[in-house]
Amino acid sequence: MQPSLRRLTQTAVAALALAFGAAGSARAADTQLLDAARAAEPALIQSLKDMVSIESGSTNAAGLAQMASFTEARLKALGAATERIAVTQGPGTMVKGTLTGTGKRRIMLIAHMDTVYGPNTLATQPIKLDGNRLYGPGIADDKGGIAVILHALAILQAAGWKDYAQITVLFNPDEEVGSLGSGDTIAKLAEQHDVVLSCEPSAGSVVMKGQPLLLAAAGVATATLDVKGRAAHAGAAPELGRNALYELSYQMLQTREVAKDVPGAALIWTQANTNGPLNQITEKASAVGDVRLTQPDAQDKLQAALQAKVSASKLVPDTETTVKVISGRPPYVSDARSRALAAKAQAIYKEIDRELTLVPQTGGGTDAGFAVRSGKATVLESFGLAGFGYHARDEYIEIDSIVPRLYLMSRILQEIGRN
Ligand SMILES: [Zn+2]
């Protein structure tokens, strides 16, 4: 295409988009789905109350077991084949539900069963309705996400929708502690799907209007520096020793700016340790650093940059330094496909006269990072209910986000199935 023609076409497309936007080109709401979403609101609220009544902090094995039983029974009631998948560490199990349809697409829905709250939090922060707010520990993060999945699937089932090859639901018990025991399972299952919708809560209206979806979240990793020196009597023969603590200090300082040259990586050394006696030249010393990642390849590049710096020079001869970057939760980064899906979600909100906001980035981690790790599935985050106060006190969801979120989830599943 010639440049002038391309320009003309771009102008025409832009004008067309403007015209449609101005004319309010949103397609009409699917009234059957919208009516079903409205009708489902009381049942969804009851599901929330049932789940919040089960205290399921990440270390609460009994509560997590109860949540697994609850969600598994609900998935079974939807006609899903269910299974428990063991976590590789920590308490609780994953619950997986599989629905088989007649269409082409493989879709995965994820949410987590654990909360950040300790036992007996309900005693001081009971379930309570106040206007548009329904309060309860974990109600937004992430029992609202589980509720959206269960009730949207019920709506679609009642509508006779089967236009998917497979829908996989996965609830994990350890999101709030980094999904260390479930992250790999999420990543491997996600690879086998076309689309993953993650159902963490959406920001409440006190933070942001428009019940936003999230396009990116930082990943986390841990950097470690280990230095091996040589012990010697600090008073009698210090010259025979090789001070690992001095070398560690040198390596921390010489690597402290390395991440600045690695796009999408940040590193801060936050802890240092030695374990020898006071009167001995330090034999071993180690440091740990907090790493934040916003690009998929940033971890490998940071590892390489740290290794190069550490190998380049040392302060104390004969010491050995090892540097490692250990994976935590990978970054969640949207691509053109997930942004197109987000635009579709905005159009669906328009059908019911709502504006949907897109948030470009957050510092908090999400399991969408595991889902996007292989780059195979299209991943989009924050399909849960809008709310506030999570990881704090007096957590709540906004009642008026229930119908839009049920409509969004059921409509976007239909759209994904169709395309
Ligand atoms: Zn969460």
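A residue counts as buried when its relative accessible area is under 20%, as exposed when over 50%, and as partly exposed in between (1.4 Å probe, protein chains only). Trp161, at 12% relative accessibility, is therefore buried.

The model you are looking at is predicted: local features need pLDDT of at least 70, side-chain atom pairs count only at pLDDT 80 or more, and totals for chains, interfaces and linings use all residues. Residues are numbered from 1 along each chain as its sequence is written, and side-chain values use heavy atoms, with hydrogens and water left out.

## Aromatic rings

Rings of Phe, Tyr and Trp (its six-membered ring) pair if their centres lie within 6.5 Å; planes under 30 degrees apart are stacked, over 60 edge-to-face, and the rest tilted. The structure holds three such pairs. In one of them, Tyr135 and Tyr396 have ring centres 5.2 Å apart and planes at 55°, so this pair is tilted. Tyr135 belongs to strand S5 (residues 133-135) and Tyr396 to strand S19 (residues 396-398), so the pair links distant parts of the chain, 261 residues apart. Helices (H or I, at least four residues) and strands (E, at least two) are DSSP runs, numbered from the N terminus.

Trp161 and Tyr164 make another tilted pair, 4.8 Å centre to centre with 45° between the planes. Here is how buried some of these aromatic residues are:

| Residue | Relative accessibility | Class |
|---|---|---|
| Tyr135 | 11% | buried |
| Tyr396 | 3% | buried |
| Tyr164 | 6% | buried |

Now to the metal. Donors are N, O and S atoms within 2.8 Å of the metal (3.2 Å for Na, K and Ca); water is not among the atoms, so sites may look incomplete. The protein donors of the zinc ion are His112 (NE2), Asp141 (OD) and Glu200 (OE), at 1.8 to 2.1 Å from the ion. Asp141 lies in helix H5 (residues 139-158), while Glu200 is in the loop between strand S7 (195-198) and strand S8 (202-203), so the two tie together parts that are 59 residues apart in sequence. Asp141 is buried at 5% relative accessibility, and Glu200 is buried at 10%.

Two strands pair if DSSP finds at least two bridges between them. S12 meets strand S13 (residues 284-293) through nine antiparallel bridges.
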